[in-house]
Every structure is written in structure tokens, then in C-alpha cells.
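Please look through the sequence and the model shown below before reading on.

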Amino acid sequence: MPTAVLVSGAGTNLQALLDGVHGREAEIVAVASSTASAGALERARAREIPVAVFARSDYADRAARDEALGAWLLERGTRLVVLAGYMELLGERFLERFPGAVINIHPSLLPAFPGVGAVEQALAYGVKVFGVTVHFVDAGVDTGPVILQRAVELPGARAPDEVMAALRPLEHALLAQAVRLFARGELQADTANPRHIAIGGGEG
Ligand code: GRF
């Protein structure tokens, strides 16, 4: 499954895909970043994966950025797009170019705490159960159908770093699992309710 990974940060989720699925169920054919300073780019270069930077400031508007980004990913043969800490929104035109094939990892149990600062939002609310979600991307912010979720009880957590340290291994495992399931064709939207993603092969 030719897969592109979109990043903005350190790229630990990208690393999990490089270590866990690249060259097996999926082939990472492109890594695109919203910023030239993303540590994720080094991780991709170290594995000789083509990288490119699509900074908003280099384009007239988001639509122009999306157009260039989508074209580059298609040139690379991309059939699955994984948002792994990608801090930009993608427009409908971009999503139409990869129908049902854009997935995102988010550090909360959606629909709780969508958008930026999910862990900070959860701490401010005072929750005792945290978690991560992998979901299909639609035109909203973290609103697409849920693929996989995993929770962790942290009743005494007070600091974002502490919560992220607990969530990171869950993120890495879940994102790799979701890519494997997608690549094997084991994710099917329920015809009765397309928000319900059925998982074949007994996983999930
Ligand atoms: C992850 O926590 C992801 O859930 C969030 O951004 C972070 C990216 O981390 N959207 P990394 O760049 O993969 O290390």
C-alpha cells in the first residue's frame, strides 16, 4: 500500500510506521511537512524516503497549498495518506483526491477534546481517563469516523508531559495497526451507518 505521511513535528509516529509497517504491509513513498524544521524530515531522510515541505507561507492560500501537496503525493503513487502530527487543516478538494483514504491520529478519546491542545483540554477538564483515537479524516476538525481507540486511566495526572508519555506508546501501536488494517483491506464502513467502521480479521 503506497502510503504518504504528513508531519509537522518530531515524527515519533512516523518512526513507528517506519519501524513497524514500512516495507511490509505499507510502503512509505513520501513524507511531507508543513515546516522545514520538523524533526520528522530527518527520520524520513535516514530511510531515503522522498521528503518535501509545503509551508502555508509559500502559497497564496490553503487551497493552493493543498493543490501542490496533493499533486506531489499522487506523483509518488500515494493511495493512503496518514496525518501523523500534521498541524494543518486539509480542504475538501484535497480529501476528494484521496477518497476514504486519509487517516489521522489524535491524542484524545474523540469526540472529547478535538483540535489543538487535546491533552491540555483534557487536563483542564479534570478527566481521569485519557486516550488516543485513529480516525478517517473528513472536512471537519477531528470529526471523521473512528477506526481505533485506546484508553488509559491516569487519575492523578496533572502535567501534559506526563500524559503524553503515557499516550505515545498507545499512539504508535494504534497508528501502525490502523495502517496495517487499511492496507489489508480490512476496514469497511457499515452500509447502514457509514460512521461505523467494521474491522475484518478479528482485530480492533
Ligand atoms: C501526536 O501526539 C499526535 O497525536 C498529535 O501530534 C503529536 C505528534 O507527535 N496530533 P510526533 O510528531 O509523531 O512525535
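Against which elements do the buried residues of α5 pack? They pack against β5, β6 and α6 (160–183), where contact means heavy atoms within 4.5 Å. This is a predicted model, in which local features need pLDDT of at least 70 and side-chain atom pairs count only at pLDDT 80 or more, while totals for chains, interfaces and linings use all residues. Residues are numbered from 1 along each chain as its sequence is written, and side-chain values use heavy atoms, with hydrogens and water left out.

**The helix α5**

Helices (H or I, at least four residues) and strands (E, at least two) are DSSP runs, numbered from the N terminus. In helix α5, which spans residues 118–125, the residues Ala-118, Val-119, Ala-122 and Leu-123 are buried, a word that stands for under 20% relative accessible area, with exposed meaning over 50% and partly exposed in between (1.4 Å probe, protein chains only). After α5 comes Gly-126, whose phi is positive, near 90 degrees.

**The sheet**

The model has an open sheet of 7 strands, with mixed pairing and the order β3-β2-β1-β4-β5-β6-β7. Two strands pair if DSSP finds at least two bridges between them. Because β3 (51–53) and β7 (146–153) stand at the edges with a single partner strand each, one side of each is left without a neighbour in the sheet. Strand β5 (residues 102–106) pairs with strand β6 (residues 129–136) in the antiparallel sense over 4 bridges, and Asn-104 stands opposite His-135 in β6.

**Aromatic rings**

Rings of Phe, Tyr and Trp (its six-membered ring) pair if their centres lie within 6.5 Å, and planes under 30 degrees apart count as stacked, over 60 as edge-to-face and the rest as tilted. By this rule there are 5 aromatic pairs. In one of them, the ring centres of Phe-94 and Phe-98 are 5.1 Å apart and their planes are at 40 degrees, so the pair is tilted. Both partners are listed here with their relative accessible area.

| Residue | Relative accessible area | State |
|---|---|---|
| Phe-94 | 1% | buried |
| Phe-98 | 3% | buried |

Elsewhere, Phe-54, Tyr-59 and Trp-72 form one aromatic cluster.
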